[in-house]
Amino acid sequence: MDKIDARETWRPGAPDATRIQSSFKQRRNASECIHSAFGYISLSFVFQCYNALLYLGGGRGEDLDASNPIRLLLFLAIYTTATLFCLRKIPYTAGTFYENPILLTIAIYPLLTLLWSVDPGITFRRSLAHTLTIILCVYYFIYLTPENFLRMSSRILLVAGIFSIFYTLFFPSVAVHNCCGLEGSFKGIFGHKNDLGRISVIAIICAIYAPPSIKYPHWSCSLTLGVYLILLLGSQSTTNILTSLLVIGFAVFLKFIASSKLSETLRVMSTILVASIIIFAVTLGLGTVLELFGKDTTFSGRTTLWSALSEILRQKYTYLGAGYGAFFTNQGAGLDLTTYIAYWYKIPTHAHNGYWDARVNIGIPGLVILFIALAIYLIRALKCLNNRRISIGAPAICYFLLFSINNYTESETFQNGDYPWVIFITILLYLGKRSTLSYGAFKT
C-alpha cells in the first residue's frame, strides 16, 4: 500500500485518505466564510449600523412592525437564515434549550399572551419576531465563541463609529438633532442621541475586553475607545456619560479583584457589593445628579408616563398585562395615555423603562421571568469569576451593570431585534454550561 503524505494536496489519483482530508478542509473553509459573513452582516443590522441608509437620518425604528419596510424584510431574511442554520444543528439547538429552561420560557411566554391580548394581530407578529430573535441568539451561541462574539462586535462598532463621525461632519442636518430641545446633540448613524449613547457604552465594554488577535491588534481597541468617547460626549447624553464612567471604573475594579489574592468568597462578595451600590446609587440618586447638572429631573417626562402606566394598570390590566406589544396600541392603552401626557408630541410606543414595559405588556408573570433571568445571569457571571473564566465573566458583569441601569430610562427587555436584549440573551448562554455543545465554528 502506498504511504500517505498528509502534506500532499488533492489531485486526480491521489490516495483516498488525502483526498478526503482535502475535501474536508475545503468544506470547512467554505463553512467558515459563510458563517463569518453572516455573523458580520447580522450583527451589523442588530447594532443598527444601516439606519442611516434605511431611515435617511429620521426616526429610530422603534420595533420590527412599524419600521422601514426594507429593514423588516432584511431582518426577516436574517431570522430565516439563522433558523435554518440552527435546524442544521438540531442536537446542539435542542441541547441549548434543554440546558437553559429559562431561554425556552422567554421564547414562548410572549406567544402565550396571545390568549388574552387586546390586539391579537400585533401580539402575534411581534411575539413571533421575538421568538426568532431568541433563535438568532442561539445561532451566535452555537457558531461563535465568546471571544469571537466580542471581537466581531468591536470591529463592527469601530467601523460604525468612524462612519458616524464622518456622517456627522458631512451631513449635520440628519446626523445632529435640530429640534425638540435636543439641538446640537449627535445621533450619528443611529437615529437618536440616546441610541448613540447606549451604543457608545457597549462599544467601550467591547474595546476593553475583546481579546487582541492578529486581525484585531491592540491599537484597534484604543481607536475604538477614542472614537466612542468623542461620540459619547457629542451625544450630550448625561445619563450615558455617567454610566460609561461607572462602567469603566467598575472594569478597573474587576481587574484589581482578578489580580488580587482575595479568596473566592471575598471576590464574589466585593463584586456584588460594589455593583449593588452603583445600581442603587444611579437608579435612586440619578434625579439628584441630573439636578446638579441642570437637567430635567423628570427624565424628559418619563415620571409622568410611569405614573400614567400605574393608574391604567390598576384600572384595566392588573395581573396579565395587555399582551406582548399591545399595550401602546389604540386597542390597548394608547388612547387612554393621551389624557395623562397630552403635552407629549406623540404617544410613545414603549414605556421608556424596561421593567415597566414588561409589566404593562406581559404582566406580573413576565416580570417574574425577567427577574429570574437576571438572577441566573448574575449567578453564572459570578461563577465564571470564581472559575477564573475572566474573559467572559468580567465583561458579562459590566454588561449586567449597564443593562440594569439603562432599563431604568429605556425599554431594553423582551424587545425583538433590539441589540441590548440580543446581547443580554447571548451572554446569558455563554455563561452557562458548554459540555454538550461544540460551538465556535471559526476563528476571527
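In helix α4 (residues 90-99), the buried residues are T93, G95, T96, F97 and E99, where buried denotes under 20% relative accessible area, exposed over 50% and partly exposed anything in between, with a 1.4 Å probe and protein chains only. Helices are DSSP runs of H or I with at least four residues, strands are runs of E with at least two, and both are numbered from the N terminus. The structure is a predicted model, in which local features need pLDDT of at least 70 and side-chain atom pairs count only at pLDDT 80 or more, whereas totals for chains, interfaces and linings use all residues. Residues are numbered from 1 along each chain as its sequence is written, and side-chain values use heavy atoms, with hydrogens and water left out. The buried residues of α4 pack against α3 (69-88), α5 (101-112), α6 (120-143), α15 (354-386) and α17 (419-430), contact being defined as heavy atoms within 4.5 Å.

The interior was examined next in terms of nonpolar cores, each a set of buried Ala, Val, Leu, Ile, Met, Phe, Trp, Tyr and Cys residues joined through side-chain atoms within 4.5 Å. The largest nonpolar core has 101 residues, of which F47, Y140 and Y228 touch the most other members. Helix α15 gives the most to this core, with 12 residues. When residues up to four places away in sequence are not counted, F47 touches S153, I156, L157, F190, I199, I202, Y419 and I423. A second, separate core consists of 16 residues, among them A322, F328, L337 and W344.

On the surface, I162, F166, L169, F170, F171, W219 and L223 form a nonpolar patch that together has about 780 Å² of accessible area. Patches consist of residues with over 30% relative accessible area and no salt bridge, like charges being joined within 9 Å and nonpolar side chains (Val, Leu, Ile, Met, Phe, Trp, Tyr) within 5 Å; the areas come from the Shrake-Rupley method with a 1.4 Å probe, and for residues only the protein chains shown count as cover. Two or more residues of the nonpolar patch come from each of α7 (146-170) and α10 (218-235), and α7 gives the most, with four residues. W219 lies in helix α10 and counts as exposed because its relative accessibility is 57%.

The structure holds three salt bridges, each defined by a side-chain nitrogen of Lys or Arg within 4 Å of a carboxyl oxygen of Asp or Glu. In one of them, D195 is paired with R198, and the closest N and O atoms are 2.6 Å apart. Both D195 and R198 lie in helix α9 (residues 193-209), three residues apart, or about one turn of the helix. D195 counts as buried at 2% relative accessibility, and R198 likewise counts as buried at 4%. The side chain of R198 also meets that of E412 in a salt bridge, at 2.8 Å from N to O. Because E412 lies in the loop between α16 (390-406) and α17 while R198 lies in helix α9, this pair ties together parts that are 214 residues apart in sequence. E412 counts as buried, with 1% relative accessibility.

A further salt bridge joins the side chains of R314 and E311, at 2.4 Å from N to O. R314 and E311 are three residues apart in helix α13 (residues 302-315) and are therefore separated by about one helical turn. R314 counts as exposed at 56% relative accessibility, whereas E311 is partly exposed, with a relative accessible area of 26%. Through shared partners, salt bridges join D195, R198 and E412 into one network.
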